[in-house]
Amino acid sequence: MAGDEGTPVTADVTSGGMIFGPIIEDGVFRFDCSANDREAAHPSLSFVNGKDRETPIQSQKTPSYIPNFERLLGQQIVKLELPVGTSLYGTGEVSGQLERTGKRVFTWNSDAWGYGSGTTSLYQSHPWVLAVLPTGEALGVLADTTKRCEIDLRKESMVQFIAPSSYPVITFGPFATPNAVLRALSRAIGTVFMPPKWSLGYQQCRWSYDSDKRVQEVTRTFREKKIPCDVVWMDIDYMDGFRCFTFDKDRFQDPKSLVKDLHQNGFKAIWMLDPGIKVEDGYFVYDSGSKTDVWISKADGKPFVGEVWPGPCVFPDFTQAKVRSWWSNLVKDFICNGVDGIWNDMNEPAVFKVVTKTMPESNIHKGDDELGGCQNHSHYHNVYGLLMARSTYEGMKLGNEKKRPFVLTRAGFIGSQRYAATWTGDNLSTWEHLHMSIPMVLQLGLSGQPLSGPDIGGFAGNATPELFGRWVGIGSLFPFCRGHSEKDTADHEPWSFGEECEEVCRLALRRRYRLIPHLYTLFYMAHTTGTPVASPTFFADPKDTSLRKLETSFLLGPVLVYASTAVGQGMDTLQCTLPKGIWMSFDFDDSHPDLPALYLQGGAIIPVGPPHQHVGESNILDDLTLLVALNEHGKAEGVLYEDDGDGYEFLEGGFLLTHYVAELQSSTLTVKISKTEGSWKRPNRRLHVQLLLGGGAMVDIWGKDGEILQLSMPSEQEVSQLVSTSEKQYRTRLENAKRIPAVEVSSAHKGIELSRTPIELKGGDWVTQVVPWIGGRIISMTHLPSGTQWLHSRVDINGYEEYSGTEYRSAGCSEEYNVIDLPRRRNLEHAGEEESLTLEGDIGGGLVLQRQLYVPKNDPKVFRIDSSIIARKVGAGSGGYSRLVCLRVHPMFTLLHPSESYVSFTAIDGSKHEIGPESNEQFYEGNLMPNGEWMLIDKCLGLGLLNRFDVSQVFKCLIHWGTGTVNLELWSEDRPVSNQSPLRISHEYEVINLS
């Protein structure tokens with residue numbers, strides 16, 4: 001490989017610059033710690049062709065940025081320092097903010113029901129970062145490892161990967177634009193499969209439509225109410241006792257007849273298949289799998305049995321070709337029942353009734369040599385979902401080679417887009433999750449997966465009419481568009497929230513169907529070139545750093561979608577931030593305060609079609625409309641891709657790709673075809689050209705597609721009048737629109753109502769003030785005998801807080817807290833022998849953070865806090881376990897004499913420590929953790945604040961020195977909780993006189 005010149009690097013070197021060599025194409029480099037590491041690296045499961053990663057090419061280019069590495073305790077730490085001002089994206093399926101600086105995630109596919117903005121591991125793993133440099137150029141970085149990988153972006157303009165040794169790092173670029181990086185990435189990991197056109201329609205799902213009669217009732221209602229829809233989904237309740245590849249004999253007696261009826265009504269049917277196979281002699285799937293020896297085994301060689309929906313289950317080992325073939329043949333037979341698509345769920349793989357929510361890492365996979373051979377589960381865990389999706393995809397192809405498979409997978413790895421679409425998992429019916437759905441979809445697109453979307457309306461919990469309508473408005477413009485909700489929630493079909501919401505949903509979905517010609521063209525480009533379908537707004541101008549954190553707008557090619565994700569704030573009150581240049585607003589006479597605003601970039605032409613009720617209604621002879629927005633030079637261009645909408649004739653040239661151009665010369669607009677590709681003849685159809693003038697105004701002309709159309713432009717005065725009239729009509733439409741009632745579901749507050757007024761808790765030596773409001777924080781902690789106030793803060797930040805994750809300010813510090821201990825609360829107004837206060841905050845996903853504060857009657861010198869994360873209502877879909885949580889106690893103490901203060905403790909191993917402000921931030925865990933107590937000492941006062949805790953509850957301690965403050969944090973273990981296994985930390989404070 002080129003790039004190896006210089007000092008030889010051997011395997012015993014533990015740090016330094018990585019060696020490199022060019023692969024695939026100019027500008028793409030592979031980096032390894034040493035030549036020995038290069039030889040020892042496991043095969044790539046992200047690349048389409050693993051040999052591409054191993055094969056050097058001739059290139060004169062050298063990398064602009066070279067990573068450094070360090071080996072420590074079996075881990076390979078890779079750091080890549082980039083210019084100040086670099087913006088960081090990617091990392092795949094992640095919650096929270098779009099621009100990832102300051103965040104850290106772990107690639108470990110996890111059943112994350114009810115995840116929050118700070119959850120660090122979701123259902124998929126993409127060890128990939130897209131860095132946009134201050135110049136607008138972009139660089140992609142891939143840590144090509146299947147193992148658990150920490151992606152640490154907490155330091156500005158720094159990318160750090162930490163994973164078990166050894167693994168290569170691949171860089172793509174810098175290239176001129178982020179799109180160029182994604183195109184290069186796709187040449188390594190592959191592009192998205194070409195979806196059947198029907199899969200771009202709206203799709204309706206629920207856990208569960210529990211009978212064929214209910215399925216037909218729902219689909220019939222869509223048609224009666226003229227709400228467009230193409231697909232209905234069957235969750236696990238269609239099965240016989242949750243046995244995969246079976247049908248319940250009572251509720252789904254004749255699936256072939258059901259699907260036949262659905263097809264006649266314009267619906268496709270998608271059915272779920274999970275990896276867990278019920279252990280039951282006589283069940284044909286279990287019997288054939290056992291005979292073929294397809295199950296994942298324990299370390300002792302016996303099949304691993306874990307509990308999922310059917311009860312005790314075994315799991316196919318998809319790392320073996322014979323197992324993938326076995327599964328594919330089951331799928332092939334299954335689709336004979338009229339199955340149009342398959343939904344792979346629970347394939348992290350999820351396992352019930354275990355704290356890890358998955359199988360033991362010591363389990364054994366007998367993998368094919370080209371995948372990495374026989375390895376334990378820790379090696380293959382993150383690619384289990386990818387390999388299952390691949391097997392399902394190949395099985396659907398076997399079953400009908402004339403149809404394109406459609407597979408949806410929950411778990412995945414970078415490269416999964418070759419086989420399956422994905423969705424963002426078990427989200428919540430909250431405004432926060434509506435907002436997060438935009439950056440989550442964009443982030444997946446920036447990581448190579450363009451076919452994704454959220455559960456519109458939220459999976460867990462009950463949406464309000466306003467939330468649901470707003471979510472359909474935004475979700476109707478995502479690449480994958482599906483509504484879904486879980487058991488024990490209210491109905492979440494578009495007509496379930498009143499006629500005002502129903503009309504918004506109808507408008508939104510008609511809008512989507514008008515844009516399907518454009519969306520299908522974008523998917524063809526994604527399939528052939530690797531560009532995303534939905535991209536962040538800054539893709540319009542990567543050099544403009546002011547666009548890089550916008551999270552309420554996104555691009556569909558040259559179309560800018562601008563939305564409101566705030567409760568009570570419609571588009572009629574929102575000021576849109578647009579990229580530089582010409583952006584022409586447009587709609588389909590459907591503007592509404594709860595629907596996003598649409599803009600077309602100057603210089604672009606997009607195709608739109610009629611608002612059909614389902615894709616099957618469309619016809620190649622339908623009228624075609626071109627929306628045209630001219631650039632500053634009076635020109636525009638665009639493309640339309642057309643094929644059969646299914647099958648593979650397009651690979652043999654059976655398609656029509658038309659390049660349209662428009663140019664304004666001497667007050668005449670000329671629209672014509674500049675180029676065509678494919679063997680299809682042009683349909684004999686009418687062409688409607690609409691030229692956008694601004695403010696939603698337009699002029700138009702009709703003609704025949706394929707002929708040159710010429711439109712005489714109105715005068716400047718006439719244009720001004722058209723724009724003025726259009727803007728007035730737009731405002732009138734918004735003013736006269738039937739608004740969705742702003743009915744919010746209020747939480748059932750127990751005890752006192754939320755208040756910014758502090759409650760004073762007085763007892764023994766202590767007086768504390770607690771705010772039963774956002775964060776439920778302690779804002780003051782005063783020791784009466786010494787007159788010292790150890791803690792004081794504002795009502796809305798700092799003080800004593802608690803989090804539910806390892807991330808700073810994760811859920812817990814910004815939620816509403818309520819006083820729930822009513823008998824104690826009455827005592828707050830009068831002196832009592834023992835005063836206590838119990839607060840509780842809903843932190844999402846069925847979890848609450850509960851905190852009891854009191855001074856024990858038998859020990860008035862002590863102020864005690866008992867905190868818990870409790871599973872109040874965790875979804876059955878998670879087997880009774882929550883998302884991964886960590887109880888993080890975060891008090892910020894005020895230092896009266898910062899230079900004379902330090903923290904002292906004796907560790908579990910007996911070593912003594914005195915930690916001063918110069919240490920900045922330090923973690924202590926294992927035998928170096930304080931042995932049940934530590935003390936904040938003020939030498940000037942001669943006092944110490946002693947904090948005692950139960951070492952069996954605390955797994956890590958953190959000291960962080962700030963400006964005049966110090967945090968003494970206690971962290972629990974990081975794990976899911978259930979009703980029977982909450983997380984708890986009980987600790988207490990006492991002031992000690994040291995003089």
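In the predicted model, D589 is exposed, with a relative accessible area of 63%. The residue takes part in a salt bridge with R733, in which the closest N and O atoms are 3.8 Å apart. This pair links distant parts of the chain, since R733 belongs to helix 13 whereas D589 sits in the loop between strand 32 and strand 33, 144 residues apart.

R733 also meets D587 through its side chain, and in this salt bridge the N to O distance is 2.7 Å. Because R733 lies in helix 13 (residues 716-736) and D587 in the loop between strand 32 (583-586) and strand 33 (597-601), the pair ties together parts that are 146 residues apart in sequence.

E988 is buried, with a relative accessible area of 14%, whereas R948, with a relative accessibility of 25%, counts as partly exposed. Elsewhere, salt bridges that share partners join R30, D32, R38, R53, E54 and D144 into one network. Side chains of opposite charge can pair when their charged atoms come close, and a search of the whole structure finds 55 salt bridges.

Six of them form an open sheet in the order 2-3-13-10-9-6, and their pairing is antiparallel. At the edges of this sheet are strand 2 (19-22) and strand 6 (87-90), each of which pairs on one side only, and from one strand to the next the twist averages 25 degrees. Within the sheet, strand 9 (residues 128-132) and strand 10 (residues 138-143) run antiparallel and are joined by five bridges; L130, for instance, has G140 of strand 10 as its bridge partner. Helix 3 (residues 178-189) packs on the sheet, where it touches strand 9, strand 10 and strand 13 (169-175), and the direction of the helix makes about 145 degrees with that of strand 13.

How values were computed
Residues numbered from 1 in each chain as written. Predicted model: local features only at pLDDT ≥ 70, side-chain atom pairs only at ≥ 80, totals over all residues. Heavy atoms only, no water. Salt bridge = Lys/Arg side-chain N within 4 Å of Asp/Glu carboxyl O. Helix = DSSP H or I, 4+ residues; strand = E, 2+ residues; numbered from the N terminus. Buried < 20%, exposed > 50% of the residue type's maximum accessible area, 1.4 Å probe, protein only. Pairing = 2+ DSSP bridges. Axes fitted to C-alpha atoms, helices over the stretch in contact; angles between N-to-C directions. Contact = heavy atoms within 4.5 Å.
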